[in-house]
Each structure stands twice: as C-alpha cells, then as structure tokens.
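These are my notebook entries on one chain. I began with its overall architecture and then turned to individual side chains.

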Amino acid sequence: MQHTWQQKRSIKRFEKVLETAEYILTSGSNYSLTIQDVAKISGMKRPSIYKFFPSNESIVDALSEKHCLKLLGLIKNNPIIKQIINLI
C-alpha cells in the first residue's frame with residue numbers, strides 16, 4: 001500500500017514526538033516529559049501532539065513498544081539465541 005503525502009507527514013510527526021520524548025528522558029535536561037515540554041522542544045503545536053498521544057503515559061507506552069520491538073528484532077536475528085531456541 002502506497003502511503004499518501006499526509007500519511008508520511010503524520011508518520012514523521014509521530015516519530016518526532018518519540019525522538020523528543022527520548023531526548024527528554026535521556027539527556028538530563030531540565031524538561032519534563034509533558035505534552036507542553038515535548039511541544040516546546042519539538043517545535044510542534046500541542047494539538048498536533050494530542051492527535052497521536054492523548055496523555056504523557058501514551059508517549060511512554062509508544063516509546064516502550066518501539067524499544068521492545070527493536071530488542072525483539074535483535075534477539076530474533078541473533079544466531080546464538082536461535083541455537084538456544086533450537087535446543088529447547
């Protein structure tokens with residue numbers, strides 16, 4: 001399925017929110033993981049963020065899912081893990 005221009009823009013905005021949230025959580029900055037601070041740092045308007053994330057918790061949930069999927073991909077592609085699974 002071909003993504004429309006608006007869908008691609010939405011995906012970029014979604015990812016930008018997650019990148020900004022990750023920056024806030026890992027940089028030791030004076031910002032908090034609030035919609036207001038995410039909007040301030042990312043340069044996005046708060047309604048645009050609320051479109052994807054109705055709460056601060058939903059941002060954390062999305063970040064957790066992103067990193068779990070990344071970890072799962074690393075585990076699945078690890079030859080040692082594959083050997084262990086085959087032994088079980």
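Predicted model: local features only at pLDDT ≥ 70, side-chain atom pairs only at ≥ 80, totals over all residues.

Entry 1, fold. I looked up the secondary structure and found 5 helices and 0 strands, where helices (H or I, at least four residues) and strands (E, at least two) are DSSP runs numbered from the N terminus. From the N terminus on, the order of elements reads α-α-α-α-α. The radius of gyration is 17 Å, well over the 12 Å given by the globule rule for 88 residues, so the chain is more spread out than a compact globule. That radius is taken over C-alpha atoms, and the rule is 2.2 Å times the number of residues to the power 0.38. Along the principal axes, the C-alpha atoms fill a box of roughly 50 × 40 × 20 Å.

Residues are numbered from 1 along each chain as its sequence is written, and side-chain values use heavy atoms, with hydrogens and water left out.

Of the 88 residues, 22% count as buried; buried means under 20% relative accessible area, exposed over 50%, and partly exposed in between (1.4 Å probe, protein chains only). Among contacts (heavy atoms within 4.5 Å) with a separation of 6 or more, 43% join residues 24 or more positions apart.

In α2, residues 35-42, I listed Ile 35, Asp 37, Val 38, Ala 39 and Ser 42 as buried. Gly 43 follows the helix with a positive phi, near 80°.

What does the side chain of Asp 37 reach? I found the backbone nitrogen of Ser 32 at 2.8 Å. Asp 37 is buried yet has no salt bridge, and Lys 40, the nearest side chain of opposite charge, is 4.1 Å away. A salt bridge requires a side-chain nitrogen of Lys or Arg within 4 Å of a carboxyl oxygen of Asp or Glu. Leaving aside residues up to four places away in sequence, Asp 37 touches Ile 24, Tyr 31 and Ser 32.

Entry 6, aromatic rings. My search of the whole structure returned 3 aromatic pairs, a pair being rings of Phe, Tyr or Trp (its six-membered ring) with centres within 6.5 Å; planes under 30 degrees apart are stacked, over 60 edge-to-face and the rest tilted. One of them, Phe 14 with Phe 52, is edge-to-face at 5.9 Å centre to centre and 80° between the planes. This pair links α1 (residues 5-27) to α3 (residues 46-52), across 38 residues. Phe 14 is partly exposed at 30%, as is Phe 52 at 21%. Phe 14, Phe 52 and Phe 53 form one aromatic cluster.

Terms used. Lys, Arg positive; Asp, Glu negative; His and termini not counted. Polar contact = N/O pair within 3.5 Å; in protein donor to acceptor, adjacent residues only side chain to side chain.
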